[in-house]
Amino acid sequence: MRDPELDEPITSLGFVASCTVSADGDAEVRLRLPTYFCAPNFAYLMVADAYDAVSAQPGVRSTSVVLEEHFAADAINGGVAAQAGFVRSFDGEAVAELDGLRADFLRKAVMAGTDQVCRPLLAAGRDQAALLAMRLGEVPPSRALTRLRERRAELGLPAGDGAPLLIDPVTGSRISADAVPLHMRKARLTRTSIEANSGICRGMLRHRYATPGQGEAAEAAEEDQ
């Protein structure tokens, strides 16, 4: 599974302290974050997603996901284990579930992915007018394109070969010609922001913990290929 905000696998980020599965299918995952005060709504999403991902694996009979050394760990761990949802887990503090936050993160991932897909096209000589006319099926295959399709599909946005390359991440409609320059600047800024946050998180995690996360090196090597 991936970090909901940074759109990267939590293994490559080093957030998985340990993961074990007994012969009987009892899985235990221990997670960690760069700081003691990481936002509880983000932390809850990550722990809940990890719980769902592990529970869905063949042969897993029971799942325990524990967030370590976080100020809201008790509420998050207990709430996820009880499948209580965010509001009940933070009774009296939270007023809404996290579907809107998840959608916001996905829209940012779509914008960042748009820049990742479009940069090679621009470098190859395509101009913004050409990008506006392109459909996803006309873009050369790449890992970035696959990721963009997946994120758009998660939001219910057009992701097939006939879908426009440049769309509004909220409505799914094609960007108008006069809006393309601003759209491309926002896409680049979003990608830069996410990558910068990812670098900051990695640096803070290395400062906080002396050991790499489980699967971190292997995941990073795979992403570099």
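## Fold, cores and surface of a predicted chain

From the N terminus on, the elements run β-β-α-β-α-α-α-α-α-α-α. That makes eight helices and three strands, where helices (H or I, at least four residues) and strands (E, at least two) are DSSP runs numbered from the N terminus. The model is predicted: local features need pLDDT of at least 70, side-chain atom pairs count only at pLDDT 80 or more, and totals for chains, interfaces and linings use all residues. Residues are numbered from 1 along each chain as its sequence is written, and side-chain values use heavy atoms, with hydrogens and water left out.

The C-alpha trace spans about 55 × 40 × 35 Å along its principal axes. Of the 225 residues, 42% count as buried; buried means under 20% relative accessible area, exposed over 50%, and partly exposed in between (1.4 Å probe, protein chains only). Among contacts (heavy atoms within 4.5 Å) between residues at least 6 apart in sequence, 65% join residues at least 24 apart.

A nonpolar core is here a set of buried Ala, Val, Leu, Ile, Met, Phe, Trp, Tyr and Cys residues joined through side-chain atoms within 4.5 Å. The two cores described are these:

| Core | Residues in core | Members include |
|---|---|---|
| Largest | 33 residues | Phe 15, Leu 31, Leu 33, Tyr 44, Met 46, Leu 67, Ile 76 |
| Second, separate | 17 residues | Val 110, Leu 132, Met 134, Ala 163 |

The members named for the largest core are those with the most contacts inside it. Strand 2 (26-31), helix 1, strand 3 (62-67) and helix 2 (73-81) each give two or more residues to this core. Helix 1 provides the largest share, ten residues. Not counting residues up to four places away in sequence, Met 46 touches Met 1, Pro 4, Ile 10, Phe 15, Leu 31, Leu 33 and Leu 67.

Asp 49 lies in helix 1 (residues 40-55). Is Asp 49 buried or exposed? Asp 49 has a relative accessible area of 17%, so it counts as buried. Beyond its neighbours within four places in sequence, Asp 49 is in contact with Met 1 and Arg 102.

On the surface, Tyr 36, Phe 37 and Phe 71 form a nonpolar patch with about 350 Å² of accessible area together. Such patches take residues with over 30% relative accessible area and no salt bridge, with nonpolar side chains (Val, Leu, Ile, Met, Phe, Trp, Tyr) joined within 5 Å; a salt bridge is a side-chain nitrogen of Lys or Arg within 4 Å of a carboxyl oxygen of Asp or Glu. Accessible areas come from the Shrake-Rupley method with a 1.4 Å probe. Phe 71 sits in the loop between strand 3 and helix 2 and, at 41% relative accessibility, counts as partly exposed.

Technical notes: Patches are made of residues with over 30% relative accessible area and no salt bridge: like charges are joined within 9 Å, nonpolar side chains (Val, Leu, Ile, Met, Phe, Trp, Tyr) within 5 Å.
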